[in-house]
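Me: Please take me through this structure by question and answer.

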Amino acid sequence: MRHSRKAALAGAIGLGLAAALGAVPTATAAPASTGNATTYAAYERSQENANANRAFFEAVQRAVAEQRSANPGALAVTVTYNTVSAPSFRTQIARSTQIWNSSVVNVRLQEVSSGGSFSYREGNDPRGSYASTDGHGRGYIFLDHRQNQQYNSTRVTSHETGHVLGLPDRYSGPCSELMSGGGPGTSCQNPNPNAAERSRVDQLWRNGFASGLDTKELVG
């Protein structure tokens, strides 16, 4: 999911996403017991979530553009993240990073001790896990405790990380499709993107820029 040169770079990688984003959600504390499959599904399919995904990806792209301004000729992009605010999920985050880094070639995910292109957070939210922004142009992935107990936690983390790389939600898809998220139900254990998802990410990040980005496709 931050002026002459930076603006040009940002424009080249899809800042058409910025139009009419409106308000985006932020993490709000809620009792863990309130989360269930019905409320997760309702939020996942909402326009609020679509807007949040779009704002998140825009924030990540801005951060990447700033980093790349120092090395514009690099073919592969490095997207950095930190896990300071999600210590309970460091194992799952590391697994999802490994999955994505072994699945695509044009973009790499790399952990840093602070800052980064985006961050992970954890807590309790009846909406479940999601990607959003903090209102100050910084993207983050929120990982809900209860949802990660009900669903395969590495799949949840890998799915949300898919938004970092520009993939939209596709909840009607099969378990073999990572971005189908919670659509196939709690029995789905697959944390890996399928061939089409891997190909799409490499297409988006080819030559260092998300030049093939389709705004409508991103927001679902």
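**Questions on the predicted model**

Me: In which strand does Thr133 lie, and is Thr133 buried or exposed?

Reply: Thr133 belongs to strand E4 (residues 130–133); helices (H or I, at least four residues) and strands (E, at least two) are DSSP runs, numbered from the N terminus. Buried means under 20% relative accessible area, exposed over 50%, and partly exposed in between (1.4 Å probe, protein chains only). With a relative accessible area of 8%, Thr133 is buried.

Me: Which element has the highest confidence in the chain?

Reply: pLDDT is the predictor's confidence in each residue, from 0 to 100. The chain has a mean pLDDT of 77, and 71% of its residues reach 70 or more. Confidence is lowest in helix H1 (residues 4–12), at a mean of 37. It is highest, at 98, in helix H4 (residues 90–101).

Me: Which cysteines form a disulfide, and which parts does the pair tie together?

Reply: A disulfide is a pair of cysteine sulfur atoms within 2.5 Å, and the sulfur atoms of Cys175 and Cys188 are 2.0 Å apart. The link is right-handed, with 85° about the S-S bond. Both Cys175 and Cys188 lie in the loop between helix H6 (153–164) and helix H7 (195–204), so the pair ties together parts that are 13 residues apart in sequence.

Me: Which of the terms buried, partly exposed or exposed applies to Cys175, and which to Cys188?

Reply: Cys175 has 27% relative accessibility and counts as partly exposed. At 4% relative accessibility, Cys188 counts as buried.

Me: How many aromatic pairs are there, and what is the geometry of Tyr81 and Tyr120?

Reply: Rings of Phe, Tyr and Trp (its six-membered ring) pair if their centres lie within 6.5 Å; planes under 30 degrees apart count as stacked, over 60 as edge-to-face and the rest as tilted. The count is four aromatic pairs. Tyr81 in strand E1 (residues 77–85) and Tyr120 in strand E3 (residues 118–123) are 39 residues apart. At 5.5 Å centre to centre and 85° between the planes, their pair is edge-to-face.

Terms used:
Residues are numbered from 1 along each chain as its sequence is written. This is a predicted model: local features need pLDDT of at least 70, side-chain atom pairs count only at pLDDT 80 or more; totals for chains, interfaces and linings use all residues. Side-chain values use heavy atoms; hydrogens and water are left out.
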